[in-house]
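Colleague: I am new to this structure and would like to learn how to read its side-chain contacts. Could we go through them together, one kind after another?

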Amino acid sequence: MEQVAIRKGEIGEFKIDIQLDQLPKDCRYLSDLLVKNPKAKSGYSQIDHVVLNPYGIFVIETKNYQGTIYGGKDHKTWLVNGKFKMMNPFSQNYGHIKALTSFIDKEYHDLFISMVSFTKRCTFKVGLDYRKIASNEIIVYDIELSEFIHRKVSVLKIQHKEALLNESDIVTIYKVFSHANITDPKVREEHNRALNTNTSDEKTSSIYTCTVCNKPVSDKVKRYCLANKKFNGKIYCYEHQKKAH
Ligand SMILES: [Zn+2]
């Protein structure tokens, strides 16, 4: 039987918070989005972070695997420690990007940059292109996320003399994505349940909300909080995780 290392990988590490605070000043970002995606099995896509910048739209998927990550562009599945299979995270993130493009004008569709962030507990044995700043699919360690975004933006600035998105474009896209984000706790619950149907060790999901602001959070965020001692068994949204310790 194939073993799939799903669970651990779905717990975000969220050192990303610090990284997102260090983004270039002209960036805006959204975290923990749940948007409609008719092509996804559950009907929705959960997107960890979207960073909007005058030179691109970064879509970030976070992973919390431990060990050596083996993967390449033409591989549908990647391996963790040569044993556990994971879906190629860039295929997964491509689905997220496709879902996001459906909400915005075609002129913005080529501006997406796919990033997958792993924790420092991983070692990459992946295609070298993923580490190249010229690529539109970049793999990073969480602690270097903002650095890579800075570097990518610098490269894009050289390539394009003028900004690709002006301030009002960014505001518009930000609003559209915020609006597309499903905050209805019932829908979020259904999505979590759909994700969990394959794992017998999972209890049926319930609605997860931030202890402070009551905003619904994804299953991924809930798991992270509950697995993290500093949160004392409480669940916090990204915003309030920062203030919780
Ligand atoms: Zn909150």
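Modeller: We take charged pairs, then aromatic rings, then charges over rings. This is a predicted model, in which local features need pLDDT of at least 70 and side-chain atom pairs count only at pLDDT 80 or more, while totals for chains, interfaces and linings use all residues. Residues are numbered from 1 along each chain as its sequence is written, and side-chain values use heavy atoms, with hydrogens and water left out.

Colleague: How many salt bridges are there by the rule?

Modeller: Side chains of opposite charge can pair when their charged atoms come close. The rule asks for a side-chain nitrogen of Lys or Arg within 4 Å of a carboxyl oxygen of Asp or Glu, and by it the count comes to 11 salt bridges. One of them joins aspartate 21 and lysine 242, with 3.5 Å from N to O. This pair links distant parts of the chain, since aspartate 21 lies in helix H2 (residues 16-21) and lysine 242 in helix H8 (residues 238-243), 221 residues apart; helices (H or I, at least four residues) and strands (E, at least two) are DSSP runs, numbered from the N terminus.

Colleague: Which residues are linked in a network of salt bridges?

Modeller: That network consists of Asp48, Glu61, Lys63 and Lys220.

Colleague: How many aromatic pairs does the structure hold?

Modeller: A pair of aromatic rings is described by the distance of the centres and the angle of the planes. Rings of Phe, Tyr and Trp (its six-membered ring) pair if their centres lie within 6.5 Å, and planes under 30 degrees apart count as stacked, over 60 as edge-to-face and the rest as tilted. The structure holds eight such pairs, among them the stacked pair of phenylalanine 124 and tyrosine 141, at 4.3 Å centre to centre and 15° between the planes. Phenylalanine 124 is buried at 15%, as is tyrosine 141 at 11%.

Colleague: Which ring does the charged end of arginine 151 sit over?

Modeller: A charge sits over a ring if NZ of Lys or CZ of Arg is within 6 Å of the ring centre and within 35 degrees of the ring normal. The charged end of arginine 151 sits over the ring of phenylalanine 148, 4.9 Å from its centre.

Definitions and conventions: Buried means under 20% relative accessible area, exposed over 50%, partly exposed in between (1.4 Å probe, protein chains only).
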